[in-house]
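Okay everyone, thanks for coming. Let me put the structure up, and then I'll walk you through a few things I'd look at.

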Amino acid sequence: MVLGRSFEDMCAQMYYRGKMFGFVHLYNGQEAVSSGFIKLLKAKDYVCSTYRDHVHALSKGVPARAVMSELFGRTTGCCRGQGGSMHMFSKEHGLLGGFAFIGEGIPVATGAAFSTKYKREVLKDDSADAVTVAFFGDGTCNNGQFFECLNMAALWKLPIIFVVENNLWAIGMSHVRATSVPEIWKKGPAFGMPGVHVDGMDVLKVREVAKEAVARARRGDGPTLVECETYRFRGHSLADPDELRDPAEKAHYAARDPIVALRKYLIENNLANESDLKAIEKKIDEIVEDAVEFADASPHPQRGQLLENVFADPKGFGIGPDGRYRCEDPGFTAGTAHV
């Protein structure tokens with residue numbers, strides 16, 4: 001959780017210094033959700049994210065260097081600098097991607113869960129017991145993909161957990177103004193799956209709910225819908241002046257900071273002391289500083305990389321380093337054409 005918070009704070013600094021471009025959406029305040037779920041998963045399990053994906057990637061084990069480099073648009077990033085802030089992906093770590101449009105990741109996650117069930121039941125692979133966790137926000141829950149995928153997951157009893165990170169705001173739209181039934185968890189039973197509401201500012205409560213949902217999915221009992229009520233401490237993105245939310249509301253949730261709450265719990269229950277926690281913070285500071293130095297020193301992608309993984313190029317035309325399609329088919333009289 002401390003890594004996630006410190007990493008995002010550093011992202012804000014780097015963004016305003018011009019090291020990152022485009023939209024950057026930070027996760028500050030929601031760390032208990034990511035840690036509470038992802039730290040229960042196995043390496044082979046899958047996570048599908050949203051445009052607020054940096055901390056999901058870190059929680060799943062993607063190195064801070066690879067995440068920061070991706071944000072800097074460098075070749076050492078987890079997507080070779082071509083994904084950026086909203087499109088983190090790592091096959092090695094089971095991170096199925098961040099997605100710029102809301103709801104895009106839910107069908108991908110549902111497909112991953114289906115593949116696990118298919119391997120186990122059709123291909124008779126007893127080792128296929130991966131669990132998929134799909135993260136998305138409250139605004140997504142008014143979109144069609146959400147309902148369609150809940151229906152399919154329940155119908156086929158897929159090993160998936162739908163985790164709603166309800167931070168109460170869809171950009172500048174209050175959640176309670178945007179949906180006829182604000183209690184998102186109630187939509188689970190409508191499709192025949194458990195629906196659970198949990199305090200998303202308490203990592204221990206999130207973890208308890210996650211334990212049952214992960215166990216349910218892994219033993220083949222089907223999906224769960226979990227609504228984690230949380231709050232983002234910054235604007236929707238770093239380009240958002242955050243003038244729409246009531247200052248009293250922001251102060252209320254800031255007082256319930258999940259990291260401060262866990263720190264207090266650890267000390268009061270003699271699970272850690274101040275020096276232990278200071279040591280963690282010092283280690284995290286070193287990791288984040290190293291990630292920035294590594295990213296800043298890493299090379300930019302070559303121009304010839306721009307169109308890689310875009311076209312299948314079945315005829316072997318090839319894409320030149322100058323960004324032109326090169327075609328030697330005699331029937332193609334133009335010879336070369338700008339893409």
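**Rings, cores and a buried helix**

So, let's begin with the rings: there are eight aromatic pairs in this structure. Keep in mind that this is a predicted model. One of the pairs is Tyr15 with Tyr16, edge-to-face, with 5.5 Å from centre to centre and 80 degrees between the planes. Are those two buried or exposed? Tyr15 counts as buried, because its relative accessibility is 18% and the cut-off is under 20%. Tyr16, at 56%, counts as exposed.

Now over to Phe146 and Phe147. Their ring centres are 5.0 Å apart and the planes sit at 70 degrees, so this pair is edge-to-face too. Phe146 is buried, at 0% relative accessible area, while Phe147 is partly exposed, at 29%. Both belong to a cluster that ring pairs build together with Phe136 and Phe191.

Next, the cores. The largest nonpolar core has 47 residues, and Met20, Phe37, Met68 and Ile161 have the most contacts inside it. Apart from that one there's another core, of 20 residues, including Cys48 and Ile106. What does Met20 touch, leaving aside its neighbours within four places in sequence? Cys11, Met14, Tyr15, Met68, Leu71 and Phe72. And there's Tyr15 again, from our ring pair with Tyr16.

Phe37 takes us to helix 2, where it is buried along with Glu31 and Ser34, among others.

Last, the record: UniProt, in an unreviewed entry, places "domain: Dehydrogenase E1 component" at residues 1-301. That span is 44% helix and 10% strand.

How values were computed
Residues are numbered from 1 along each chain as its sequence is written. This is a predicted model: local features need pLDDT of at least 70, side-chain atom pairs count only at pLDDT 80 or more; totals for chains, interfaces and linings use all residues. Side-chain values use heavy atoms; hydrogens and water are left out. UniProt positions are given in the numbering used here, feature names are shortened, and annotations may be inferred rather than shown by experiment. Helices (H or I, at least four residues) and strands (E, at least two) are DSSP runs, numbered from the N terminus. A nonpolar core is a set of buried Ala, Val, Leu, Ile, Met, Phe, Trp, Tyr and Cys residues joined through side-chain atoms within 4.5 Å. Buried means under 20% relative accessible area, exposed over 50%, partly exposed in between (1.4 Å probe, protein chains only). Contact means heavy atoms within 4.5 Å. Rings of Phe, Tyr and Trp (its six-membered ring) pair if their centres lie within 6.5 Å; planes under 30 degrees apart count as stacked, over 60 as edge-to-face and the rest as tilted.
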